[in-house]
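Please review the sequence and the model shown here.

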Amino acid sequence: MSRLETAGYKGWWPMKKVVGRNADGSFKYVECFVNMARTRGRLFETVCPEKGWYGEPPYPTGDLTAIARHRGDNDELWANLAARRDETCGEVVLREPGRTIIRY
C-alpha cells in the first residue's frame, strides 16, 4: 500500500457532499474539499468554499514545501527582529551579514 502524499495542499481531495434531496427525490450535492491527511476519530475534516472546487482549501496539510514555508508574508516579524537584535541578555559571539550567534 502506498502512502498518501501530503506536501502542500495535496492532502485536500475534491469530493461531493450530500446536503439533502431535491423535490424529485434525487440527491443535492455541494462541491467540497476533504482533508485526507488528518482525521479526528473517524471523521474527516470537510471544507465547502463558496466557489466549490474553484475555491481554495483553508491551509496546507502535512509536510509543507519550501515555498509554502517561506512565503515572505512575515516581513513585519523579520523587521521587528532586525530592529531588536541588539537587545539581548546574552553575549554576541559572532556577527556577520545575515548571521548572528548569541551565547546565553
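The text below goes from the whole chain to single residues.

**Basis**

This is a predicted model: local features need pLDDT of at least 70, side-chain atom pairs count only at pLDDT 80 or more, and totals for chains, interfaces and linings use all residues. Numbering starts from 1 along each chain as its sequence is written, and side-chain values use heavy atoms, with hydrogens and water left out.

**Overall picture**

The protein has 2 helices and 5 strands. Both kinds of element are DSSP runs, numbered from the N terminus: helices are H or I with at least four residues, strands are E with at least two. Read from the N terminus, the order is β-β-β-α-α-β-β.

The protein has 104 residues, and 14% of them count as buried. Buried means under 20% relative accessible area, exposed means over 50%, and partly exposed lies in between (1.4 Å probe, protein chains only). The accessible surface is about 9000 Å². Carbon and sulfur atoms hold 52% of that surface. Areas come from the Shrake-Rupley method with a 1.4 Å probe; for residues, only the protein chains shown count as cover.

Contact means heavy atoms within 4.5 Å. Among contacts with a separation of 6 or more, 30% join residues 24 or more positions apart.

Strand β2 covers residues 27–40 and includes Tyr-29.

How many aromatic pairs does the structure hold? There is 1 aromatic pair. The rings of Phe-27 and Tyr-29 form a tilted pair, because their centres are 6.4 Å apart and their planes lie at 55 degrees. Rings of Phe, Tyr and Trp (its six-membered ring) pair if their centres lie within 6.5 Å; planes under 30 degrees apart are stacked, over 60 edge-to-face, and the rest tilted.

Tyr-29 also has a charge over its ring. The charged end of Lys-16 sits there, 5.6 Å from the ring centre. The criterion is NZ of Lys or CZ of Arg within 6 Å of the ring centre and within 35 degrees of the ring normal.

Is Asn-35 buried or exposed? Asn-35 counts as buried, because its relative accessibility is 0%. Asn-35 is found in strand β2. Leaving out residues up to four places away in sequence, Asn-35 touches Gly-11, Trp-12, Phe-44, Glu-45, Tyr-59 and Thr-61.

Strand β4 spans 91–96, and Gly-90 sits in the loop between α2 (75–83) and β4. Gly-90 and Arg-103 are 13 residues apart in sequence, yet 5.4 Å apart from C-alpha to C-alpha.

Val-93 lies in strand β4. Beyond its neighbours within four places in sequence, Val-93 contacts Ile-101, Ile-102 and Arg-103.

Leu-94 is also placed in strand β4. With neighbours within four places set aside, Leu-94 contacts Arg-99, Thr-100 and Ile-101.

Which residues does Ile-101 touch, not counting residues up to four places away in sequence? Ile-101 touches Glu-91, Val-92, Val-93 and Leu-94. Ile-101 lies in strand β5, residues 99–103. The C-alpha atoms of Ile-101 and Glu-91, 10 residues apart along the chain, are separated by 8.6 Å.

**Partly exposed residues**

The table lists relative accessible areas.

| Residue | Relative accessible area | Class |
|---|---|---|
| Phe-27 | 40% | partly exposed |
| Tyr-29 | 47% | partly exposed |
| Gly-90 | 22% | partly exposed |
| Val-93 | 43% | partly exposed |
| Leu-94 | 30% | partly exposed |
| Ile-101 | 32% | partly exposed |
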